Amino acid sequence: MSVNLSKGQAISLEKKDGATLTAVRMGLGWQAAKRRGLFGSRTREIDLDASAVLFAGTEPKDVVFFRHLVSDDGSVRHTGDNLIGGAGQGGDDEAILVDLQRVPVHIDQIVFTVNSFTGQTFHEVQNAFCRLVDETNGQELARYTLAGGGEYTAQIMAKVHRAGSGWTMTAIGAPANGRTFQDLMPAIVSHL
């Protein structure tokens, strides 16, 4: 059963039987919002990009995004860039896979972001979401809806962080501006 997360809400990534999750997928889906024009409604392609920044404390140590698809240690992997979106109804347009057992012990947080590489604002996006899936069985664990549109070009979606011997996910949902994860670093650090 999936949990619909609200901004700031945290959930434990422990299975019902008490075991910890070993592999998760952070999925991102979206659609371009229809715009009314002189000749009816139309859509414009939107290129959203998912990124994962790996931190040791407050120091970024690695990043996975469309130009660096696998973390240096191999524990985090991006499935590839989607330039137009379109799923937005449940399927993932972009996904980042995390093998939690292989994440180096010094990495204590992984922050997931989404940004509009082409600079369109979230007013031009609809049905956007991020979700966390147990990669071992395909079960959706949590979903965070990127609702509300807005005059911003990015969002710090969520983070997974170590909690004792396991991991916890926190929905952040903070709007930001920037075309790449590098542009978002000052905003990301405030959520560590």
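Residues are numbered from 1 along each chain as its sequence is written, and side-chain values use heavy atoms, with hydrogens and water left out. In this predicted model, local features need pLDDT of at least 70 and side-chain atom pairs count only at pLDDT 80 or more, whereas totals for chains, interfaces and linings use all residues.

The structure contains 4 salt bridges (a side-chain nitrogen of Lys or Arg within 4 Å of a carboxyl oxygen of Asp or Glu). One of them joins the side chains of arginine 25 and glutamate 135, at 2.7 Å from N to O. This pair links distant parts of the chain, 110 residues apart: arginine 25 belongs to strand β3 (residues 23–32), and glutamate 135 to the loop between β11 (125–134) and β12 (139–145) (strands are DSSP runs of E, at least two residues, numbered from the N terminus). Arginine 25 is buried, with a relative accessible area of 17%, while glutamate 135 is partly exposed at 33% (buried means under 20%, exposed over 50%, partly exposed in between; 1.4 Å probe, protein chains only).

Arginine 131, in strand β11, is buried at 12%. Its side chain forms salt bridges with aspartate 92 (2.7 Å, N to O) and with glutamate 140 (3.0 Å, N to O). Aspartate 92 is partly exposed, at 25%, whereas glutamate 140 is buried, at 17%. Arg25, Asp92, Arg131, Glu135 and Glu140 are linked in a network of salt bridges.

Technical notes
Helices (H or I, at least four residues) and strands (E, at least two) are DSSP runs, numbered from the N terminus.
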